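Here is a short report on a structure. Please look at the model before reading on.

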Amino acid sequence: MKKILALVLTLALTMAMLAGCGSSAPAATTAAAEPVTGNATSGEVVWWGWTPGSPTNEAYIAEFNKLYPDIKVTWKQTTIDDYDAALKPALANGQGVDAFEVSAGSANGGIAVFGGQAIDLEPAVKAALGDDWKDKLSESSVATMTVDGVLKGLGVGTVYAGNLWINQDLFDKYNVKIPTNMEEWKQACETFEANGIIGFVQGAGQGAFNMDTYHAICDNVQPGVFTKAARGEAEWTDPALVRGLELWKSLFDEGIMQEGALGLMQYPEANNLFMSQKAAMVMMGSWYTSNTLPDTMKAAIESASSTAEPFTMIPINFPDIAGTGNVGSMFGDLDYATAVSAKSENLEAATTFAVWLGTSQEGQQTIADSLNVVPSLKSATPNWDVVKLVNPEKQNAAVQEYLANATSGGDNPRFAAINADLNQAMMDVLAGVASGTMTAADGAAHLQEVSVDSRS
Amino acid sequence: MKLKQKKSSTYISGLPWVLPALIFLIIIIYYSIFYTFELSTLDWNGLDPLRKSVGMANFTKMFKDKVFWRCLKNTVVYFAITFVIQNTLGFLFAAILHSQVKLPTVHKCIIFIPYILAPATMAPVFRLMFSPQGMLQSFFDTLHLGITVNWLANPNTALYVLMGIAIWEFTGMSFILYYAAMSQVDREVLEAARIDGAGNLRTLIYMVAPHCKGTTISLAMLGIIGALKTFDIPYLITTGGPNHATEFLGTYIYRQGIRQSHLGYAAALSVTLLVLAVIGALATNYANKGD
């Protein structure tokens with residue numbers, strides 16, 4: 001009897017212990033008692049993220065170590081799809097994460113989800129840039145990283161979308177006119193198809209890029225209406241947005257989207273088709289600009305299992321498929337920012353790194369010259385004397401004009417205003433409308449329903 | 001009374017031997033299950049200190065969720081078709097390899113190899129194979145068949161492609177189990193059937209198949225649980241799309257819990273998955289006992 005009692009007690013204690021583990025105390029979500037200013041000169045930092053990926057991140061660290069040789073930064077990369085799944089338990093556990101990448105809105109690493117685990121970085125930014133720090137950084141990098149009035153991440157750079165990239169060499173070779181409207185786009189695709197090349201390629205199986213295309217179409221129909229709906233200031237059943245869904249469907253019906261687009265991923269498949277010159281046009285944003293650099297493009301071409309030489313790619317406006325004349329709209333938000341884990345044992349060192357990457361002239365110049373993102377620090381712009389493109393004669397002006405247009409686009413966020421539920425619903429609706437299992441009107445009604453539900 | 005005391009004594013003296021495993025089991029499995037139950041009553045993103053209790057609201061939401069029902073439908077269709085085809089093939093291969101075939105070891109390896117290949121390794125190959133720019137399309141183009149391979153992009157065909165891949169992968173497992181079961185069939189019984197005039201097909205259907213009933217039921221149980229847990233093949237090849245056409249409970253739990261940070265709702269789906277798996281296991285167990 002005593003043995004049974006002992007056994008029961010042991011089991012009960014075990015369960016009680018485990019239950020104690022389960023209902024953990026509230027996480028350390030607020031800043032430490034003392035404001036962290038990032039004044040460390042030594043320490044170890046583990047930096048988690050998904051972008052831009054090795055070896056670029058290691059190059060940033062190497063630049064950082066020129067100023068801070070005694071702060072050892074270790075880059076820990078996961079895939080974009082696995083990031084949230086890997087980071088959540090690591091942050092909850094509080095071990096092995098000092099600095100981590102976050103993004104705006106509903107994308108992976110969303111600040112809305114992970115911001116609660118990050119410290120307030122405002123004291124550190126003030127110490128680095130002075131009281132007028134907000135004027136020195138891009139608006140999106142501050143606005144999207146501020147949660148409940150607290151600066152939770154330091155933006156590294158912004159990405160913009162809304163344009164196409166074309167292979168100018170293929171356009172020249174087959175004497176194809178750069179499309180500016182639906183008819184020309186259709187004609188261009190037909191010409192390329194006749195020559196065994198995919199005209200326009202999109203990995204419509206990867207929803208985020210479909211949202212970019214839909215957003216571009218809606219801005220073409222009526223500028224600003226997409227953003228208003230995303231913020232709940234307009235209804236998704238607005239005729240302009242329904243028209244946008246119809247035009248989205250027409251891309252599939254008119255043969256602009258390649259055969260089997262809904263089964264294709266943008267990365268790696270659509271990207272590889274473009275990089276291996278099997279496709280002439282692709283819907284990508286400003287992050288693709290880095291491919292105009294010979295070394296970056298060569299690496300991308302090799303990743304696409306091609307041995308071809310780098311080619312001339314240039315950005316063009318999304319064609320005026322609605323026939324409204326509203327073209328050139330660009331929308332964007334922070335590609336990523338650096339947050340510092342509230343549970344880090346290396347708060348000062350991690351903050352020093354985050355501040356250097358997001359606000360220092362040296363750090364942001366490195367970002368600018370990589371052409372991967374548009375830097376958060378306004379004074380850091382690509383040094384065109386140093387930056388050499390594949391075909392400077394054809395690309396320099398186009399790329400510079402493109403980046404200038406992107407950064408002057410005004411208040412038009414890419415994902416920042418879209419919550420996770422609306423994000424999923426939009427991906428579902430776009431796939432449903434494209435495959436013909438849902439009408440544009442039904443799709444719009446569903447978006448409106450989810451939009452209302454997710455805000456209540 | 002004495003017998004009862006003896007039994008009780010044996011029970012207690014055996015406890016120390018199983019206690020480490022029991023505690024391990026409680027920590028790893030039962031605690032996780034209870035914790036999942038607790039999570040299913042919360043509205044929580046998995047990180048926030050605020051964990052809002054919502055009672056059974058996640059379950060109510062689940063029953064109204066069209067995607068959940070789509071997952072269940074996909075699971076049933078997937079199980080029914082893959083179970084019948086892969087076990088029929090496994091049974092036939094096992095029967096053939098019990099006869100006098102040349103190079104039996106080579107054949108066994110060929111049938112079994114897909115089972116040991118990691119889906120993560122094979123997924124890019126299948127994506128390439130079923131791509132409109134892929135090898136299957138090139139093959140059809142060479143034959144001028146006029147077939148366009150966009151099956152993964154079509155909500156009506158994507159699930160069947162995944163079923164084909166699952167059959168390719170798991171037939172080896174069915175084959176091995178049937179092969180082992182057939183090795184236990186008494187040769188004298190088969191010879192008696194032959195003497196009574198039974199041909200190959202009759203012997204297979206009326207003599208061999210009944211002997212393999214236990215194996216079939218075990219495979220059914222594994223198949224039900226496997227179908228409910230299906231994750232890797234749809235996640236890696238179609239990510240549950242297009243438009244949830246290949247969504248399963250496993251992929252949907254991941255989507256809700258990780259992508260959309262609805263940990264409570266994902267836990268409610270997990271609890272439902274567990275209940276369905278237990279019902280499936282009990283049903284097949286009951287079928288086995290009913291023999």
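## The nonpolar core

A nonpolar core is a set of buried Ala, Val, Leu, Ile, Met, Phe, Trp, Tyr and Cys residues joined through C-beta atoms within 7 Å. The model is predicted. Its largest nonpolar core has 202 residues. Those with the most contacts inside it are A:Leu241, A:Val282, A:Phe353 and A:Leu430. Helix α7 of chain B, residues 158-183, supplies the largest share of this core, 16 residues. Two domains of chain A also take part. Domain 1 (42-159 + 333-375) and domain 2 (163-329 + 402-455) both give residues to the core, so it lies between them. In general, nonpolar side chains tend to be buried together in soluble globular proteins.

A:Phe353 deserves a look. Leaving out residues up to four places away in sequence, A:Phe353 touches A:Val45, A:Trp47, A:Phe64, A:Ile71, A:Val73 and A:Ala99.

## Helix α15 of chain A

Helix α15 of chain A covers residues 347-359. From first C-alpha to last, this 13-residue helix reaches 17 Å. That is close to the 18 Å expected at 1.5 Å a residue. Is the helix mostly covered or mostly open? α15(A) is mostly covered, with 13 of its 13 residues buried.

## Chain B overall

Chain B has 13 helices and 2 strands. Its radius of gyration is 24 Å, well over the 19 Å that the globule rule gives for 291 residues, so chain B is more spread out than a compact globule. The C-alpha trace of chain B spans about 80 × 70 × 30 Å along its principal axes.

How much of chain B is buried? Of its 291 residues, 34% count as buried.

## Where the chains meet

The interface involves 30 residues of chain B, in contact with 36 residues of chain A. On the chain B side, the elements that give two or more residues are α1 (2-39) and α12 (249-259). α1(B) gives the most, with 8 residues. By class, the side of chain B that touches chain A has 15 nonpolar, 12 polar and 3 charged residues.

Most peptide bonds are trans, and most residues other than glycine have a negative phi. Some places in this model depart from that pattern.

One joins A:Tyr267 and A:Pro268, with omega about 5 degrees. A:Pro268 is in helix α13 of chain A, residues 266-275. The other runs from B:Gly241 to B:Pro242, with omega near -5 degrees. B:Pro242 is in the loop between α11 (232-237) and α12 of chain B.

Positive phi values come next. The loop between α11 and α12 of chain B also holds B:Asn243. Phi of B:Asn243 is near 55 degrees, a positive value in a residue other than glycine. In chain A, phi of A:Ser305 is near 60 degrees, again positive in a residue other than glycine. A:Ser305 is in the loop between α14 (294-303) and β10 (313-317) of chain A.

Which of these is buried, and which is exposed? B:Asn243 counts as buried because it has 24 C-beta neighbours inside 10 Å, and the cut-off is 20 or more.

Key:
Residues are numbered from 1 along each chain as its sequence is written. Chains are lettered from A and ligands numbered from 1 in the order in which they are written. Two residues are in contact if their C-beta atoms, placed from the backbone, lie within 7 Å. Helices (H or I, at least four residues) and strands (E, at least two) are DSSP runs, numbered from the N terminus. Ala, Val, Leu, Ile, Met, Phe, Trp, Tyr, Cys and Pro count as nonpolar, Asp, Glu, Lys and Arg as charged, and the others, Gly among them, as polar. A residue is buried if 20 or more other C-beta atoms lie within 10 Å of its own, exposed if 12 or fewer, and partly exposed in between; C-beta atoms are placed from the backbone. The expected span of a helix is 1.5 Å times one less than its number of residues. Domain bounds come from an automatic or database domain assignment. The radius of gyration is taken over C-alpha atoms; the globule rule is 2.2 Å times the number of residues to the power 0.38.
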